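Student: I have a structure to study. Can we go through it step by step?

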Amino acid sequence: MIELDGVGRSFTVGRRRTRKTVHAVQDLSFTVRAGEFVGYLGPNGAGKSTTIKMITGILAPTSGRLRVAGLDPTRRRTSLARRIGVVFGQRTTLWWDLPLRDSFELVRHLYKVDQIDFRRRLSELTELLDLADFLATPVRQLSLGQRMRGDLTAALLHDPAVLVLDEPTIGLDVVSKAAMRDFLRRLNAERGTTVLLTTHDLGDIEKLCRRVMLIDHGSLAFDGTLDDLRATAPEEDSIEDVVARLYTGWSPALPAEG
Amino acid sequence: MVRTYLLLAWTWLRAAAQYRAQLAMMTLGSFAVNVLDVAAILVIFRHTESLAGFGLAEVMFLYGTAELAFATSDMLFGNVTRLSEQIRTGGFDTMLIRPASAFVQMAVDRFGVQRLGRVTQAVVVLAIALPQLDVPWSRAWMIPLMILCGIVIFTSIFTLGGALQFLLTDAPEVANAFTYGGSALTQYPLSVYGAELVRGVTFVVPLAFVNWQPALFVLDRDAPRGPPHWYSPPAPGAAPAAPPFAALAWRAGVRRYRSTGS
C-alpha cells in the first residue's frame, strides 16, 4: 500500500558562503502492506515529518521511487488525496470559523463523496467519536480533544484506504487519548484501513502498533515487531527506556528537522 | 476548478459573516479608500486643464480600465501573492493534502466582500468617463477586450509573484512592486513618467499593454512620446502569451516546495 524504494530528500540551506546540503531522508526503503498498523518513530529532526510529507504528496522526493495506493504522490497528488486520509496533530485541516458540520459538508464536496455514503459515514463516525454535542460549534471554539476528533472524522469521510497520522495524540488528555486509540484500533481491525502513525507517545505504539519502524539521521534504523524492539535491549523494563537507548545509542542528531 | 473556486468562495463568505461588525467596517473602509483615489484624480485636474495632453474624461477612462482589470484580477487571484504567509504557517501543506488545485485554494483563501470594493469603484469611474468620450463602435469594441487582456496579464503577474515565493519565502515585497506598483503606474497616462520609463515598462513588464496601447486606439490618439510606432497596434497580443508562462512557473514552484520544519 505504501512503497518506498531508495527515497531521499535533501535541502539546500544557508546562503552563498555557508551553503550546504542537508539530507533529511536518505536512501529510505520500506513497504507497508494493506491492513497493517505501523508506528513510525524517531527523535526530533530524524526525518519523520519529511517522510510523511513525501508520502502525502506535499514534498517531492529528490531521489528514489515512491508509491502510495499505487500512485506517485507528486505526479498524482489530487487522485491520491481521494484515497488517503491525513491528520496533523499540530494543525487543523478544518475551517476555523465554520461549524464542524459545515466543514464536513465542504469535505464532502471537495472529495466528491456520494450523499448517501456521506450521511451513513458521518452518522457512524458521530457515534463512534461522540461528536453529536458539538457538530454545530465553530471549530475555533472546540477543545483540542474535540477538534482532533473532528479532524479525524474529516480525514475519514471519503473512506480512505490509507490513513496517515502525524502525532495525532499530541496534547490530548488521558481520556481523549484512550478514546482516540480505541477508535483507531477498531478502524484498522474492522475496516482494514492501513494506518501509518508517527508519535512521540510510546503508549500509542504499545497499544496500537504491531510493527514499528524507527528512523534516525534520515535512514531506517529499526523495522520489526514490538517484541523485536524490546529484544534490542532486554535489560530495560519499559519501552521508553528501550527507545531512549536506541535514540542515544547513535551520535547526536543533526538539527535538520524537515 | 471553477466549481471548487465558487464552493470555497461561498464557504469563506459564510465564515466571514460570523463577524458582522468587522465585515461592515471592512466594506466601508475599502470603499472610502477608493473614493479618495478618485478624488485625487479630480484634485489634479482642478489645477491643470490636462495631464500630458489628456483631458479629465480621458484620464478617468485610463484609470477606470486599468483599475477594473487590476481589481477584478486582484479580487479573484490576488491572494496567491500571500503564499509565503501560508507556507510559514503550514496552511499550504493543508491545501496540498486536499483533492483540489492548490492554486485555486490559494487564490480563494479568505475570500471576502471587501475584495469587491475596488471593482465597484472602477465601474463607477468608467460609467462617468465613457459617456463624455463618445467613442464610436468602430473603436469601442476594444474596451472589453482590453479589460479582459488586462485581467489575464495581471493574473499572470500575480501567479508569477506567488510562484517566486516558493523560492524566496520572503519575496512578497518583490512581487508587490510589480503588481500593486504596476497598477498605480497604468492608472495615469504613461507620458507623465518620461520616455525612459515608458520604454522600460513597455519592454520589461507587459503592464503597458494593459492600458496604454489599446487606450490610445480607443481614444484615437498618437503616442505623445514613447515606444516606436511599429510597436503600437497588436497590443492584446501579449495576453495569450502570459498565462502559460505563469502556469509553468507555478508548477515548477510546487515541485520545489520545501514546506516548513514540523
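Student: In which hand does H3(A) pass H5(A) in their crossing?

Tutor: This is a predicted model, where local features need pLDDT of at least 70, side-chain atom pairs count only at pLDDT 80 or more, and totals for chains, interfaces and linings use all residues. Residues are numbered from 1 along each chain as its sequence is written, with chains lettered from A and ligands numbered from 1 in the order in which they are written. Helices are DSSP runs of H or I with at least four residues, strands are runs of E with at least two, and both are numbered from the N terminus. A crossing is left-handed if the near helix is turned anticlockwise from the far one by less than a right angle, and right-handed if clockwise; for H3(A) and H5(A) the crossing is right-handed.

Student: How are H3(A) and H5(A) directed relative to each other?

Tutor: Axes are lines fitted to C-alpha atoms, for helices over the stretch in contact, and angles run from 0 to 180 degrees between N-to-C directions. H3(A), residues 100–110, and H5(A), residues 144–156, pack at about 20 degrees, with axes 9 Å apart. Angles under 35 degrees count as roughly parallel, over 145 as roughly antiparallel, 65 to 115 as roughly perpendicular and the rest as oblique. So these two helices are roughly parallel.

Student: Is Leu62(B) buried or exposed?

Tutor: Leu62(B) sits in helix H3 of chain B, residues 56–77. Count other C-beta atoms, placed from the backbone, within 10 Å: 20 or more is buried, 12 or fewer exposed, in between partly exposed. Leu62(B) has 26, so the residue is buried.

Student: How far apart in space are Leu62(B) and Ile97(B)?

Tutor: In sequence, they are 35 residues apart. C-alpha to C-alpha, the distance is 43 Å.
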